[in-house]
Number of protein chains: 2
Amino acid sequence: MNQRPKRLPFSIAELADGVRRGDRAMLARAITLIESTRSDDQELAQDLLQELLPSTGNAWRIGITGVPGVGKSTTIDQLGMNLIAKGHKVAVLAVDPTSSRTGGSILGDKTRMARLAASPNAFIRPSPSAGTLGGVTRRTRETMLLVEAAGFDVVIVETVGVGQSETAVAEMVDFFLVLMLPGGGDELQGIKKGVIEIADMIVVNKADGDNVERARRTAADYRGALNLLMPRSETWRPPVLVASAVENRGLDEVWEKIAEHRSRMSATGELFDRRQSQAVRWMRDMLHERLLSELKARKDAESRIAELEAQVRQGTITVPRAVEEVVRLLIRD
Amino acid sequence: MNQRPKRLPFSIAELADGVRRGDRAMLARAITLIESTRSDDQELAQDLLQELLPSTGNAWRIGITGVPGVGKSTTIDQLGMNLIAKGHKVAVLAVDPTSSRTGGSILGDKTRMARLAASPNAFIRPSPSAGTLGGVTRRTRETMLLVEAAGFDVVIVETVGVGQSETAVAEMVDFFLVLMLPGGGDELQGIKKGVIEIADMIVVNKADGDNVERARRTAADYRGALNLLMPRSETWRPPVLVASAVENRGLDEVWEKIAEHRSRMSATGELFDRRQSQAVRWMRDMLHERLLSELKARKDAESRIAELEAQVRQGTITVPRAVEEVVRLLIRD
């Protein structure tokens with residue numbers, strides 16, 4: 001399953017130059033390097049990212065989630081085309097930790113966003129097709145840095161919302177948009193716990209045909225629900241809009257709200273703070289993951305940890321005692 | 001600040017026996033041992049817990065949170081007295097990581113729960129008055145095991161909800177109850193994001209005097225909001241009740257719901273699963289915390305980590321590169 005790109009026929013400096021020039025072939029090659037699981041490729045990838053770091057961070061980073069059937073592809077395709085018409089360059093990435101299992105990324109079929117896929121001002125990249133959520137997340141974050149260095153000024157990160165993927169996406173973007181279907185009450189949505197609470201905006205999509213009134217009522221319900229929650233930011237209350245991506249109605253208002261969010265968060269310094277704390281949290285999470293993978297790489301430690309976890313489950317050993325033993329297996333004296 | 005109990009005048013086996021007999025003095029001494037930060041005490045404490053482990057796990061573990069002024073003390077005092085009247089033995093623990101800063105635990109003043117404090121069938125223990133949320137949480141979990149071994153069959157864990165303490169408490173109990181004030185919309189509650197979503201029940205308290213109608217409307221609002229969220233369990237939709245702790249109205253219904261939850265979760269095996277996954281998550285979190293504290297204990301590593309974090313904040317180093325360096329500082333070759 002691992003992609004094993006041929007040894008690079010040029011230097012990291014040349015590859016970095018190519019990415020900065022916006023050369024799509026070089027960008028694609030850089031992403032392939034980042035997605036490689038070979039350790040020598042990973043070292044090169046880190047050299048490349050370090051080299052490009054000063055050219056990153058200039059995009060609007062927007063996360064989009066919603067249940068299957070809510071119209072994510074149509075919305076991104078239409079919103080992206082609207083943005084390109086305004087002069088933006090739009091990259092679309094995906095986080096889908098199941099893509100290797102389901103035999104195809106959610107973005108594998110670029111016909112899902114046919115117009116964007118054909119545009120020279122858009123770049124669509126499917127989800128890395130391997131591994132844990134942590135791994136997929138990491139590669140998507142790194143790919144985001146690459147497309148920023150390549151001059152894309154809007155990066156949309158899409159997720160189908162499997163496992164913890166919405167939280168992971170919200171943790172890498174400036175603005176998190178949740179798409180909803182028109183419909184009411186219980187049978188509604190199957191939206192996961194916590195997703196509403198990390199939303200910077202909710203858009204009830206498919207407000208077309210017979211659904212217009214239902215979409216408005218759904219929006220009012222969510223507005224009521226959001227009023228009961230404390231907002232993440234004192235300067236931003238997540239708005240609830242209705243839209244029809246298929247009829248391209250409401251998407252300009254969606255974008256205006258995103259722009260308003262950006263200018264307000266920039267003015268208060270919250271955008272800067274959000275990105276800084278995302279970076280530090282990423283560092284901590286990744287450190288945790290790396291330490292655990294170090295543990296698992298030791299055959300003796302791995303089987304012992306499994307035993308200790310089983311004992312913790314059965315309640316035959318206290319958690320502190322189990323942890324102490326694991327720490328002694330791992331740590332340098 | 002650290003409590004330094006005198007060396008134990010008896011063996012761990014004798015202390016364990018005392019706890020199992022329900023001897024309050026021995027129980028108090030055991031808790032003091034667990035709260036000690038001396039490393040030799042910690043070793044003894046772990047021996048004690050290991051010894052008592054087979055006698056633990058038999059209580060109903062109930063978490064209660066709510067903003068200051070919502071009536072937590074009155075509710076716990078009254079609910080506890082009702083339960084004692086039914087033949088239960090009730091322990092009340094607290095999680096308040098700020099208690100050492102604010103100069104007194106939320107439970108420091110036992111007059112807050114005057115009747116419970118005077119009852120031979122209740123045991124009230126203030127929050128451990130030191131340290132991080134992780135430390136407080138750990139000691140509360142361990143104290144919970146001790147009071148279970150001492151025969152208390154209802155353990156109420158109270159938290160004022162500072163930082164992440166609600167989540168920490170929800171992670172150690174079978175049932176998580178959120179108390180609310182009557183009142184509507186925005187100005188309401190200041191309840192933190194995510195708390196509603198981990199609630200197994202919401203109780204709008206202070207439904208007395210002029211507030212009865214307002215409490216009912218608030219309950220209806222929350223019922224509507226909860227309908228928009230996906231429940232944590234397929235077999236349990238969190239109910240929203242109204243109550244007046246001060247008039248002892250509604251608390252029997254509250255307990256009936258808690259009992260219904262327990263019998264349903266026991267029947268489906270969800271209670272067992274919940275406790276198992278709590279234990280495993282606790283093990284993982286504690287492992288993470290221990291590894292980080294190992295890092296901090298190394299002077300060289302600590303200052304280097306601070307530098308790397310600063311560089312990550314400034315965006316002058318990539319996260320994977322920073323993490324790699326930290327891992328190399330820490331890990332046994």
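**Exercise 1.** How many salt bridges does the rule find across the interface of domain 2 of chain A and domain 3 of chain A?

*Solution.* This is a predicted model. Begin with the division of chain A: domain 1 covers 1-55, domain 2 covers 56-268 and domain 3 covers 279-331. Next, look across the interface of domain 2 and domain 3 of chain A. The rule finds 1 salt bridge there. The cut-off is 4 Å.

**Exercise 2.** Describe the contact between domain 2 and domain 3 of chain A.

*Solution.* Count the residues. 6 residues of domain 2 of chain A are in contact with 4 residues of domain 3 of chain A. Then take the area. The two domains bury about 470 Å² between them, with 56% of it on carbon and sulfur atoms. Which residues supply it on the domain 2 side? R138(A), R141(A) and E171(A) supply 74% of the area that domain 2 buries against domain 3, more than any other three residues. Turn to polar contacts: the count between these domains is 1 residue pair, both at pLDDT 80 or more. Finish with class. The side of domain 2 that touches domain 3 has 4 charged residues, 2 polar and no nonpolar.

**Exercise 3.** Find a stretch of chain A where pLDDT stays under 50.

*Solution.* Start with the whole chain. Chain A averages a pLDDT of 85, and 87% of the residues score at least 70. Now go to residues 100-107 of chain A. There pLDDT stays under 50. The model has 22 contacts beyond four places in sequence for this stretch. Where pLDDT is low, predicted coordinates should not be read in detail.

Definitions and conventions:
Residues numbered from 1 in each chain as written. Chains lettered and ligands numbered in written order. Predicted model: local features only at pLDDT ≥ 70, side-chain atom pairs only at ≥ 80, totals over all residues. Heavy atoms only, no water. Domains from an automatic or database assignment. Contact = heavy atoms within 4.5 Å. Buried area = accessible area lost by both parts, 1.4 Å probe. Salt bridge = Lys/Arg side-chain N within 4 Å of Asp/Glu carboxyl O. Polar contact = N/O pair within 3.5 Å; in protein donor to acceptor, adjacent residues only side chain to side chain. Nonpolar A, V, L, I, M, F, W, Y, C, P; charged D, E, K, R; others polar. pLDDT = per-residue confidence, 0-100.
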